[in-house]
Amino acid sequence: MRNTPWTIEWSDELSMHNQEIDAEHKHFIQMVNEFNHEVTSKQHDKNEIVRIMGFILEDAAVHFANEELLFVENDFPLAMEHAEIHEQLLNKLECVLKELKASNYSQEWVDLGGEIKNALIDHILNHDTQYIDYLRTE
């Protein structure tokens with residue numbers, strides 16, 4: 001996939017060095033890239049955009065639940081704070097999905113795609129690394 005301001009390319013910097021978590025992150029990145037490809041394409045297929053956004057929301061909920069299970073299993077001290085961040089992200093994704101369903105295509109959809117991409121990268125680099133570092137020291 002060609003690198004654009006709306007795409008995420010997998011790199012070692014994003015790796016959590018946990019095969020299951022990395023696989024989930026890669027899948028999530030693939031869906032965010034698909035979403036952003038669709039909103040920046042000339043077709044602007046609303047049904048496809050809404051469908052992909054629904055999958056992103058579902059995938060995020062499953063992924064966050066898996067992470068939170070790791071927190072419990074390993075007594076991660078920042079589990080509650082991290083779970084709150086997950087809830088905020090899920091709420092944001094739900095709002096995006098509602099907005100997409102309620103509106104017609106606009107430049108705002110492209111902007112939302114960029115926000116989703118940036119939120120994902122921020123979460124992986126600034127929050128997920130905390131629990132992975134903790135798991136490595138345990």
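Buried means under 20% relative accessible area. The model discussed here is predicted.

Q: Is Phe71 buried or exposed?
A: The cut-off for a buried residue is under 20% relative accessible area. Phe71 has 3% relative accessibility, so Phe71 counts as buried.

Q: What is the geometry of the ring pair Phe71 and Phe76?
A: A pair of aromatic rings is described by the distance of the centres and the angle of the planes. For Phe71 and Phe76 the centres are 5.1 Å apart. Planes under 30 degrees apart count as stacked and over 60 as edge-to-face, with the rest tilted. The planes of Phe71 and Phe76 stand at 45°, so the pair is tilted.

Q: What is the geometry of the ring pair Phe71 and Tyr131?
A: The ring centres of Phe71 and Tyr131 lie 5.0 Å apart. Planes over 60 degrees apart count as edge-to-face. Here the planes are at 70°, so the pair is edge-to-face.

Q: How many residues apart are Phe71 and Tyr131?
A: Phe71 sits in helix 2 and Tyr131 in helix 4. Their pair links distant parts of the chain, with a separation of 60 residues.

Q: Which residues do ring pairs link into a cluster?
A: The structure holds five aromatic pairs. Ring pairs join these residues into a cluster: Phe71, Phe76, Tyr131 and Tyr134.

Q: How are helix 2 and helix 4 oriented to each other?
A: Helix 2 covers residues 46-73 and helix 4 covers residues 107-137. Their axes are 13 Å apart, and the packing angle is about 10°. Angles under 35 degrees count as roughly parallel. Helix 2 and helix 4 are therefore roughly parallel.

Q: Which residues of helix 4 make the contact with helix 2?
A: On the helix 2 side, the contact residues include Ile49, Met53, Phe64 and Phe71. On the helix 4 side they are Trp109, Ile116, His123, Asp128, Tyr131 and Leu135.

Q: How many nonpolar residues does the contact of helix 2 with helix 4 have?
A: The contact has two polar and three charged residues. The nonpolar residues number nine.

Q: Is Asp75 buried or exposed?
A: Asp75 lies in the loop between helix 2 and helix 3. Its phi is near 50°, a positive value in a residue other than glycine. Most residues other than glycine have a negative phi. With 61% relative accessibility, Asp75 counts as exposed.

Q: Where is His44?
A: Phi of His44 is near 50°, a positive value. His44 is partly exposed, at 27% relative accessible area. His44 is placed in the loop between helix 1 and helix 2.

Methods. Residues are numbered from 1 along each chain as its sequence is written. This is a predicted model: local features need pLDDT of at least 70, side-chain atom pairs count only at pLDDT 80 or more; totals for chains, interfaces and linings use all residues. Side-chain values use heavy atoms; hydrogens and water are left out. Axes are lines fitted to C-alpha atoms, for helices over the stretch in contact, and angles run from 0 to 180 degrees between N-to-C directions. Helices (H or I, at least four residues) and strands (E, at least two) are DSSP runs, numbered from the N terminus. Angles under 35 degrees count as roughly parallel, over 145 as roughly antiparallel, 65 to 115 as roughly perpendicular and the rest as oblique. Contact means heavy atoms within 4.5 Å. Ala, Val, Leu, Ile, Met, Phe, Trp, Tyr, Cys and Pro count as nonpolar, Asp, Glu, Lys and Arg as charged, and the others, Gly among them, as polar. Rings of Phe, Tyr and Trp (its six-membered ring) pair if their centres lie within 6.5 Å; planes under 30 degrees apart count as stacked, over 60 as edge-to-face and the rest as tilted. Buried means under 20% relative accessible area, exposed over 50%, partly exposed in between (1.4 Å probe, protein chains only).
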